[in-house]
Amino acid sequence: MALIRGFIASSLDGRVADAGGGVEWLAPFRKVDPGYGAFIDLVGTVVMGRTTYDQIPSLGMGWPYAGKRGFVVTSRRGDPVQRGVRFWREGLPALVDRLRDLDDGDAWVVGGAGLLAAFAEQGALDRLSLLIAPVLLGEGPPLFPARAGPPRGLVLRGTAALAMGVVRLDYELLPMKPGRGRGRAAGAPGEEAQA
């Protein structure tokens, strides 16, 4: 059963993009090694929203997820241009079920932040690796939009102080209590369930 993971960068004040939706503010930190190589080796599937998918060509590096299955969550019409990528229009609960059935690696919710938050709201996000860059953006989309409902618990599983003042925080999200979202009732095999 695949774990569903997040791996995302944020400014120190919790913004994932600037006021215009851009991520150029991350450019000075591109030489920082956040442990991406070890992370991507765990991943068999990438999941992203349509805006993130449409922005990839503008990065000028081609498709960065070669050899990975891809799902693009969208309500817009059209077909993906990348091989191995499917546009998903059947709702998040059905996608979570599909991802859980995979056995060839974990699933990474690449972005955007709203999609990552939606997975967390469903109780479907198992792990979150958060890179915090020492920048105050002041405005722009937040890492987690305002939400209603009960608090969601996380357990800190690791920290790393990286180059240029970047910090990596690795969290496990606790299973949601019955009746709240669609999360697992127990931890992954080999892990102790936390209450």
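This is a predicted model: local features need pLDDT of at least 70, side-chain atom pairs count only at pLDDT 80 or more; totals for chains, interfaces and linings use all residues.
Two strands count as paired here if DSSP finds at least two bridges between them. L130 sits opposite L169 in β8.

Zooming out, these strands belong to an open sheet of eight, in the order β4-β3-β2-β5-β1-β6-β8-β7, and the pairing is mixed. The edges are held by β4 and β7, each with a single partner strand, so one side of each has no neighbour in the sheet. From one strand to the next, the twist averages 20 degrees. Helix α4 packs on this sheet, where it touches β1, β2, β3, β5, β6 and β8, and its direction makes about 135 degrees with that of β5.

The helices come next. In α4 (residues 113-121), the buried residues are A113, L115, L116, A117, F119 and A120. Just after this helix, G123 adopts a positive phi of about 75 degrees. In helix α3 (residues 92-100), the buried set consists of L92, L95, V96, L99 and R100. These residues lie on the same side of α3, because they cover an arc of only 135 degrees around the axis. Their cover includes β1 (4-11), β2 (43-49), β3 (69-73), β4 (85-88), β5 (106-111) and α4.

What about the nonpolar interior? In soluble globular proteins, nonpolar side chains tend to be buried together. Here the largest nonpolar core has 27 residues, and the members that touch the most others are I4, I8, V47, L95, L99, F119 and L125. Two or more residues each come from β1, α3, β5, α4, β6 (127-133) and β8 (167-173). The largest share, five residues, is supplied by α4. As for L95, leaving aside residues up to four places away in sequence, its contacts are V47, F71, V73, W88 and F119. Apart from this core lies another, of 23 residues, among them V43, Y65, V72 and F87.

Now for the charged side chains. The structure holds eight salt bridges. One of them pairs D54 with R76, the closest N and O atoms being 3.5 Å apart. This pair links distant parts of the chain, with D54 in helix α2 and R76 in the loop between β3 and β4, 22 residues apart. Both ends are partly exposed: D54 has a relative accessible area of 38%, and R76 comes in at 41% relative accessibility. R50, D54 and R76 are linked in a network of salt bridges.

R50 is placed in helix α2 (residues 50-55). With the cut-off for burial set at under 20% relative accessible area, R50 counts as buried because its relative accessibility is 15%. Again skipping residues up to four places away in sequence, R50 touches V72, V73, T74, R76, R77 and F87.

Another salt bridge connects D104 and R69, with the closest N and O atoms 2.7 Å apart. D104 lies in the loop between α3 and β5 and R69 in strand β3, so this pair ties together parts that are 35 residues apart in sequence. D104 is partly exposed, with a relative accessible area of 42%, and R69 is also classed as partly exposed, at 24% relative accessibility. The side chains of R86 and E90 meet in a further salt bridge, at 2.9 Å from N to O. R86 is partly exposed at 33% relative accessibility, and E90 is partly exposed too, with a relative accessible area of 47%.

Definitions and conventions: Residues are numbered from 1 along each chain as its sequence is written. Side-chain values use heavy atoms; hydrogens and water are left out. Buried means under 20% relative accessible area, exposed over 50%, partly exposed in between (1.4 Å probe, protein chains only). Helices (H or I, at least four residues) and strands (E, at least two) are DSSP runs, numbered from the N terminus. The arc is that of the directions from the helix axis to the C-beta atoms. Contact means heavy atoms within 4.5 Å. A nonpolar core is a set of buried Ala, Val, Leu, Ile, Met, Phe, Trp, Tyr and Cys residues joined through side-chain atoms within 4.5 Å. A salt bridge is a side-chain nitrogen of Lys or Arg within 4 Å of a carboxyl oxygen of Asp or Glu. Axes are lines fitted to C-alpha atoms, for helices over the stretch in contact, and angles run from 0 to 180 degrees between N-to-C directions.
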